[in-house]
There are 2 protein chains.
Amino acid sequence: MIQSQEKSDRVLVRVSNLTEKKADEVVWVRARVHTSRAKGKQCFLVLRQQQFNVQALVAVGDHASKQMVKFAANINKESIVDVEGVVRKVNQKIGSCTQQDVELHVQKIYVISVAEPRLPLQLDDAIRPEVEGEEDGRATVNQDTRLDNRVIDLRTSTSQAVFRLQSGVCHLFRETLINKGFVEIQTPKIISAASEGGANVFTVSYFKNNAYLAQSPQLYKQMCICADFEKVFCIGPVFRAEDSNTHRHLTEFVGLDIEMAFNYHYHEVMEEIADTLVQIFKGLQERFQTEIQTVNKQFPCEPFKFLEPTLRLEYCEALAMLREAGIEMGDEEDLSTPNEKLLGRLVKEKYDTDFYILDKYPLAVRPFYTMPDPRNPKQSNSYDMFMRGEEILSGAQRIHDPQLLTERALHHGIDLEKIKAYIDSFRFGAPPHAGGGIGLERVTMLFLGLHNIRQTSMFPRDPKRLTP
Amino acid sequence: MIQSQEKSDRVLVRVSNLTEKKADEVVWVRARVHTSRAKGKQCFLVLRQQQFNVQALVAVGDHASKQMVKFAANINKESIVDVEGVVRKVNQKIGSCTQQDVELHVQKIYVISVAEPRLPLQLDDAIRPEVEGEEDGRATVNQDTRLDNRVIDLRTSTSQAVFRLQSGVCHLFRETLINKGFVEIQTPKIISAASEGGANVFTVSYFKNNAYLAQSPQLYKQMCICADFEKVFCIGPVFRAEDSNTHRHLTEFVGLDIEMAFNYHYHEVMEEIADTLVQIFKGLQERFQTEIQTVNKQFPCEPFKFLEPTLRLEYCEALAMLREAGIEMGDEEDLSTPNEKLLGRLVKEKYDTDFYILDKYPLAVRPFYTMPDPRNPKQSNSYDMFMRGEEILSGAQRIHDPQLLTERALHHGIDLEKIKAYIDSFRFGAPPHAGGGIGLERVTMLFLGLHNIRQTSMFPRDPKRLTP
């Protein structure tokens, strides 16, 4: 066991650097035993390090005894080993490894951390594409087994790629906004009152009282706008006590939130948000092509398409498209999930984009703080954004006038006492502003064309799952 | 009220851009009325935009009527106005404004958002340095008034500077770690079991069961290491149900967390963390000098000093320094807050640094998962880091062997059933690793030499405060 007994000058070479350039060099490598196969006087190991792997050969000869071959053959899969070996070119490419041109001729092998002999899931099964009807009879791993054993499931090349790309989404989001002059803020998650009406909120015991978990950072983002920060963003957990067991709902997810003061029209903000998403898509396609292709091997999918500038449709136009496709819907009716998806397909056919803005939602289906459209009292200055036909962002111009805000809250039957602090924030001069909240896991899922949000949440939380 | 009636081509000039270069130009500006002072046929306004302000003059003449002067004089402070005016050079510098060389001769003025006439606190009072004994009798604002009216308090130049710098801490932390090859992860905040023993944890009602708020992301960071991500970091809220009402405790704060696999010695990780902090300090001093100086005006303070490489002291050396200064302490006793501060002063005198590492804590005062020192069973492979004599990071090599982890948990009297999932994470091969957690608000507070953590948390949470 490495307990920091001593410092060492030994250099460990990365598996990804084992190429022909290192041929005939003696190297040390630390990696996991991915597979091992004994065959008479020799043993073939596949050594894995993150998404890279290399073949290693332990053969009876000058450097290895019969005992050593037996020892190597008996190392449990997923154990971590330190191996000293000579890099040798191979005549025939090794198709099953990422390092196809070389193999490692092992001289020494030590087990650094041993894995238990029975793995709860096999990594090779976990990255197998799911064939329609499972005709070929080879095993795949079901989702609960994956999630119950997440530490192992996250080691697959697919998981490594998904979560490296997700780290990239956060990085690109912030990089773009910092360049646009935004300030990052941190907002509290424990709040004293359920500001958005009180439904779907988790209760926390707070010393001798009750408190709640914030369903969004919206109130705090808006307070920062009223406090002259002008352009703010935050990344953090949001909590929804919804008993929804669907492919796209979680009880805890990560919100990428934006709020911004504008001069004359909320489209100034809407366009900044859409451009931020476009910069994320471009950055992912430029910097994470390897990860995208790795995920595609298991989950094949068309590349994500988008336009510049982003396509903007008004809600009434979307209604017309849906009606033309045979859907019956009222003017002030919200989109159902199937209609959202159908609309996504219609938009893709007509405009060839997987990303678009739907603007000017009916006022009736939006929260009380949404600014009504001054030209049409049944519409509002609000918008959603969609990726592959699913909503990833909801946003709007917010009402910044305490008088109008009070009227709208009363109209919605909201107890004014509960939102007093919220309304009071606007009493000392408030700039017009708009914003929106993006679901991180949905962006990753839909960009990669995955089908379940649990694939893009490392440790997902839903009504039935709180572990690991 | 701006309700996005129409888009406009009108360009709004930033107050910070109102300089001699713009002399004699007609410009539009949107800003808050910071002060107004009527004087016969004219009215002087100070217009403020974030940390910048400019003097504006409304005088009876070609462009302004008597009524307009009266109107301007009656605009409530903190209201937001749109002003059209001519930029005029002034003969004598205007000492009370950031834009000292010009003033604005107002031609038109519109109120965009009106503030209520009585402000709960005056911005000029809120940025006044607190003089010893308040001899000069001028008002300052107490902390509860500030926090109760945070939207206004955050508008001061000091608050603007503090939170812009804090945004910079997060940015520099991530920038440094992304460059070092770390992956950003998102960890759940709602957890099924209180992993660190159960004390000081908030309980959440989770549908029909109970859950808890995570006291740190540590278990999840470690699972990511066991899942081969090798180097991970995260930024997120951490929750402590401690009934501590001190200058440096919050019930919810922001953790900057790092975890990293190492090859041979945990110092590899400790040094990466210390270097990350040094990069943050350097970046702040390079990029946020204006903000540092703005805060210093209200809260004078020596510049933050640090060494490269970072000073590392062992716990026994610190004990010797304290004993030499007359403190009586046992070898396995933890540092009290006063002793921490005294040690900080002794270290500053001897080594001229405000930042150092204290390494090799007694095993007895660290959590059960801390790796014992293989050379001295009473010591451990653990460290704290200090800024201006206060702890900002606690870290260690973690035990990665399930057998030893079980033994240590039993030794601490921990119910093994409750930490089963944690221990099981190490059963399928775990690399040696170490890490640590940094308190964001503490870093900002101590870097700027502030004295209360509530000054560096936008919306602080403590046992007595849950609002706004």
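User: Where do domain bounds come from?

Analyst: Domain bounds are taken from an automatic or database domain assignment. For chain A this gives domain 1 (15-113), domain 2 (123-155) and domain 3 (158-455). The C-alpha centres of domain 1 of chain A and domain 2 of chain A are 26 Å apart. The model is predicted: local features need pLDDT of at least 70, side-chain atom pairs count only at pLDDT 80 or more, and totals for chains, interfaces and linings use all residues. Residues are numbered from 1 along each chain as its sequence is written, chains are lettered from A and ligands numbered from 1 in the order in which they are written, and side-chain values use heavy atoms, without hydrogens and water.

User: How many aromatic pairs does the structure hold?

Analyst: Rings of Phe, Tyr and Trp (its six-membered ring) pair if their centres lie within 6.5 Å; planes under 30 degrees apart are stacked, over 60 edge-to-face, and the rest tilted. Over all chains there are 38 aromatic pairs. Tyr206(B) and Phe207(B) have ring centres 5.0 Å apart and planes at 85 degrees, so this pair is edge-to-face.

User: Is Tyr206(B) buried or exposed?

Analyst: Buried means under 20% relative accessible area, exposed over 50%, and partly exposed in between (1.4 Å probe, protein chains only). Tyr206(B), at 3%, is buried, and Phe207(B), at 31%, is partly exposed.

User: Which residues does Arg30 of each chain lie over?

Analyst: A charge sits over a ring if NZ of Lys or CZ of Arg is within 6 Å of the ring centre and within 35 degrees of the ring normal. Arg30(A) lies over Tyr264(B), 5.6 Å from the ring centre. Arg30(B) sits over the ring of Tyr264(A), 5.6 Å from its centre.
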